[in-house]
Amino acid sequence: MKFLLIISSILIFNPGTSLAQRKVKSNSYNLILKKLVPSTIPAISVDSLVKIEKSVILLDARESGEFEVSHIDNAVFVGYNNFSIDSLKNLAKDSPIVVYCSVGYRSAKIAEKLVANGFTNVKNLYGGIFEWKNENHNVYNNSGITENVHAYNKTWGMWLKKGIKVYDK
């Protein structure tokens, strides 16, 4: 049974980026993301990530204050401004990795660094934690499930439609 789970995770995780993977539910948010998020890294949609969430390594590429407000369950904080590839030296280069941030720009940049350093199975969560929460998925802090989501700033925070927007931490 475990073998089948691993094989199905690999099959779901490895296909090339389809248009469905580079789309969010809001048409206006999608237009912004298409211009903002580099397409150099394969994308994964929230719907696809939900199906394989437990079999991937989630890396949070936001800053520590954002991560403390909330993050996707079991995500590992790697940051953006002070990201160090050395923090992942114990990870196998073929590990299935999904990187996320608020909307997908910073995570795409971190994912590019991972690929440049030999990681071969990396995807970017298209729409980021905003789309994750907009699609009614839980986010967590040190106390458990929370409705708080760091909204980065008022301009980007407009794309977070669900949860409680937090701007400072």
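Which residue in β5 is the bridge partner of Val99? In this predicted model, local features need pLDDT of at least 70 and side-chain atom pairs count only at pLDDT 80 or more, while totals for chains, interfaces and linings use all residues. Residues are numbered from 1 along each chain as its sequence is written, and side-chain values use heavy atoms, with hydrogens and water left out.

The protein chain contains seven helices and nine strands, taken as DSSP runs numbered from the N terminus (helices: H or I, at least four residues; strands: E, at least two). Five strands form an open sheet with parallel pairing, in the order β1-β5-β4-β2-β3; two strands pair if DSSP finds at least two bridges between them. Because β1 (43-44) and β3 (76-77) stand at the edges with a single partner strand each, one side of each is left without a neighbour in the sheet. Strands β4 (residues 97-100) and β5 (residues 122-125) pair in the parallel sense over three bridges, and the bridge partner of Val99 in β5 is Asn124.

Of the 169 residues of the protein chain, 47% count as buried, that is, under 20% relative accessible area (1.4 Å probe, protein chains only).

Methods
Buried < 20%, exposed > 50% of the residue type's maximum accessible area, 1.4 Å probe, protein only.
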